[in-house]
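Visitor: Please guide me through this model residue by residue. I would like each reply to close on the name or value requested.

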Amino acid sequence: MIPLVACATVLKGSKNFVALRGNVIYLFTTVVLIDLGNILEQTGWVARGVIAILLLFSIISWSMIFQKLGFFGRVRRESDQFLRIFRATRGVANPQALASAGSPFASVYAAGYRELQSQVGGAPGNPHPPKLKSLQAVTANMQVASSEEVRRAERGMSWLATTGSVSPFIGLFGTVWGIIDAFSGLGNAGSASLRAVAPGISEALLTTAAGLFVAIPAVIFYNQFLQNIRNLGQRLDTFALEVTAQIEKSFS
């Protein structure tokens with residue numbers, strides 16, 4: 001009986017803790033939004049324009065980030081499936097017989113297979129397959145296809161790099177303008193009071209925080225995606241060497 005009471009007490013306490021945590025998060029979010037609303041009401045048109053520009057940068061950057069996350073996740077799944085089927089197949093198979101046609105590895109393999117077919121003419125499964133004329137030409141076609149796939153993966157990366165490098169300076173412009181506004185308000189007031197400089201200082205701090213808020217995620221995901229692209233390029237080059245070795249073994 002005592003353990004049941006203890007369990008009931010623990011469950012009740014955990015529910016109260018979850019409810020308390022939800023209330024604290026709600027109150028914190030409400031206070032932050034109210035404070036930001038009050039600060040935005042006191043800012044000038046220049047600071048609002050800077051924040052609007054940074055908001056546009058942030059929206060485009062996050063859309064690019066989510067697009068790249070989906071792209072690399074899809075490439076990882078399709079590539080693993082293609083490599084698993086390719087390595088389980090004996091010899092040089094037709095690309096249509098392999099799954100995951102949207103994988104970059106499938107495009108590289110198809111480029112090499114087309115060059116192979118243009119040289120040997122027949123199916124590679126013949127008892128006496130013809131000799132390969134130029135293995136280097138097959139490798140070159142796969143390298144070109146590999147470069148095209150890497151360039152396709154790099155699309156949109158320049159925007160993330162631009163956002164990460166330019167956003168702090170845009171926020172810095174708002175900071176400088178806010179400081180100028182603060183000193184202007186101090187001169188008009190004729191006395192060194194906090195009320196005179198508060199609007200300008202709030203503009204400066206808000207635009208600085210907005211610039212960092214936009215730049216930091218862009219830099220983080222840019223570095224992560226850049227590493228993913230490098231890994232993809234290395235894996236495609238290794239795969240091209242693997243296909244070349246298989247072709248040389250089958251047609252030498």
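Predicted model: local features only at pLDDT ≥ 70, side-chain atom pairs only at ≥ 80, totals over all residues.

**Accessibility, helices and contacts**

Visitor: How many helices and strands does the protein chain contain?
Guide: Elements are DSSP runs numbered from the N terminus, a helix being H or I over at least four residues and a strand being E over at least two. Along the sequence the pattern reads α-α-α-α-α-α. The totals for the protein chain are 6 helices and 0 strands.

Visitor: Which residues does R152 touch beyond its sequence neighbours?
Guide: R152 is located in helix α4. A contact requires heavy atoms within 4.5 Å. When residues up to four places away are not counted, R152 touches K68, F71, G102 and P104.

Visitor: What distance does helix α4 reach from its first C-alpha to its last?
Guide: The expected span of a helix is 1.5 Å times one less than its number of residues. Helix α4 covers residues 135-153, 19 residues in number, and the expected value is 27 Å. Close to that expectation, the distance reached is 27 Å.

Visitor: Around the axis of α4, what arc do its buried residues cover?
Guide: The buried residues of α4 are V138, T139, M142, A145, S146, E149, V150 and A153. They share one side of the helix, because the arc, taken from the directions from the axis to the C-beta atoms, is only 145°.

Visitor: Which exposed residues sit on the face of α4 turned away from its buried side?
Guide: In an α-helix there are 3.6 residues a turn, so residues three or four places apart point the same way. On α4, the face turned away from the buried side carries Q136 and V144.

Visitor: Which residues of other parts of the sequence contact V108?
Guide: V108 is in helix α3, residues 104-120, and counts as buried because its relative accessible area is 0%. N141, 33 residues away in sequence, is 8.0 Å from V108, C-alpha to C-alpha. With neighbours within four places in sequence left aside, the contacts of V108 are M142, A145, S146, L236 and F239.

Visitor: Which residues does M157 touch?
Guide: M157 is part of helix α5, residues 157-189, and is buried, since its relative accessible area is 5%. M157 and F221 lie 64 residues apart in sequence and 9.6 Å apart, C-alpha to C-alpha. Not counting residues up to four places away, M157 touches Y222, F225, L226 and I229.

Visitor: Is F66 buried or exposed?
Guide: F66 is placed in helix α2. Between the C-alpha atoms of F66 and F221, 155 residues apart along the chain, the separation is 10.0 Å. With a relative accessible area of 55%, F66 is exposed.

Visitor: Which residues are in contact with S61?
Guide: S61 is found in helix α2. It is buried because its relative accessible area is 3%. Beyond neighbours within four places in sequence, S61 contacts W159, L160 and T163.

Visitor: Which elements give two or more residues to the lining of the second largest pocket?
Guide: On a 1 Å grid over the protein atoms alone, a pocket is an open set of points where a 1.4 Å probe fits, with protein on both sides within 12 Å along at least five of seven lines; lining residues have an atom within 4 Å of a point. The lining here consists of F72, V75, R76, S79, F105, N228, N231, L232 and R235. The elements giving two or more of the residues are α2 (45-88) and α6 (194-251).

Visitor: What share of the residues of the protein chain is buried?
Guide: Of contacts between residues at least 6 apart in sequence, 75% join residues at least 24 apart. Among the 252 residues of the protein chain, the buried share is 34%.

How values were computed. Residues numbered from 1 in each chain as written. Heavy atoms only, no water. Buried < 20%, exposed > 50% of the residue type's maximum accessible area, 1.4 Å probe, protein only.
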